[in-house]
Amino acid sequence: MKTILSTQNKYIKELVSLKDKSRQRKKSGLFLIEGVREVSLALKGNYSIKSILFYPELFSFEALTDLIGEFKIEVTEISKEVYEKLAYRSTTEGIIAVAETKNHDISNLTLTTKTPLILVAEAPEKPGNIGALLRTADAANIDAVIIANPKTDLYNPNIIRSSVGCIFTNNIATGSTEAIIAFLKASNINIYSAILQESVPYHTQDFTKPTAIIVGTEATGLSEDWRINATRNIIIPMQGEIDSMNVSVAAGILIFEAKRQREFK
């Protein structure tokens, strides 16, 4: 086991760059995971963890050994100053992992059920919304989450934090709107676009067949391609003064209606 005490250590400076810069994460193919639950979920999600750094006053070596189990991972003990330099959250747990990113291109997406339920989010920008969508998807145990025209690095620390590790529990793919529509059609998956134009109330539709639910941002909604290519455009009837709601809330309503129709199977 190694020990690093200085924030001026070259390796620590490289890790700080991974935390702060999307460009560096993309270049290196590495990112940081902070927190016990998050690291545990990454291990369960078959992420390759290259190393783990821990601050022993917050997280003991014995607890780390239990967490890692049979995995062969390089372990480094770090000082309080180094940990505070690397930590992203104000609530600290004393553990940070360095992991390899995955290739999430839509061409690599594999579906294992005959009647998949998929959530597609087009161009979400706010890490908090993306994290909330991933938490909702995990809660419903859907088959995949697809992000169309992504605006934000999937391994942004804010996404990992706001998803409470659900970035590691979901089957995630990314791609252009055009490529995703082509994938859904080739896979014979019905497309239900949450859009105002030419729409019907969501609860009138049959979501027990292969289904993709498509949501856009509150600011711009979905692009025209989704309206044109939809099996059906759907709407959540609004009874107040506004005509939209938070994207993760809307997605939750639609996904759990589909789960209800499927008797939560």
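This is a predicted model: local features need pLDDT of at least 70, side-chain atom pairs count only at pLDDT 80 or more; totals for chains, interfaces and linings use all residues.
**Close-up views of a helix, a pocket and a cavity**

View 1. Eleven of the 15 residues of α10 are buried, meaning under 20% relative accessible area, so the helix is largely enclosed by the rest of the structure.

**View 2. The length of α10 and the residue after it.** From its first C-alpha to its last, α10 reaches 21 Å, close to the 21 Å expected at 1.5 Å a residue. Just after α10, E263 takes a positive phi of about 55°.

**View 3. The largest pocket.** This pocket holds about 500 Å³ of space. Its lining has 23 residues, and A194, I195, L196, D243 and S244 lie nearest the centre. At least two lining residues come from each of α9 (224–229), β12 (232–235) and α10 (247–261). Sorted by class, the lining has twelve nonpolar, seven polar and four charged residues.

**View 4. The largest cavity.** The structure holds one cavity of 30 Å³ or more. The volume of the largest cavity is about 140 Å³. Residues that line the largest cavity include K19, L32, I33, E34, P157, I160 and R161. β2 (30–34) and α7 (157–162) each supply at least two residues of this lining. The lining has seven nonpolar and five charged residues, but no polar ones.

Methods: Residues are numbered from 1 along each chain as its sequence is written. Side-chain values use heavy atoms; hydrogens and water are left out. On a 1 Å grid over the protein atoms alone, a cavity is a set of points where a 1.4 Å probe fits but cannot get out, and a pocket is an open set with protein on both sides within 12 Å along at least five of seven lines; lining residues have an atom within 4 Å of a point. Grid points are joined across faces, edges and corners, and a volume is the space filled by probe spheres set on the points. Helices (H or I, at least four residues) and strands (E, at least two) are DSSP runs, numbered from the N terminus. Ala, Val, Leu, Ile, Met, Phe, Trp, Tyr, Cys and Pro count as nonpolar, Asp, Glu, Lys and Arg as charged, and the others, Gly among them, as polar. The expected span of a helix is 1.5 Å times one less than its number of residues. Buried means under 20% relative accessible area, exposed over 50%, partly exposed in between (1.4 Å probe, protein chains only).
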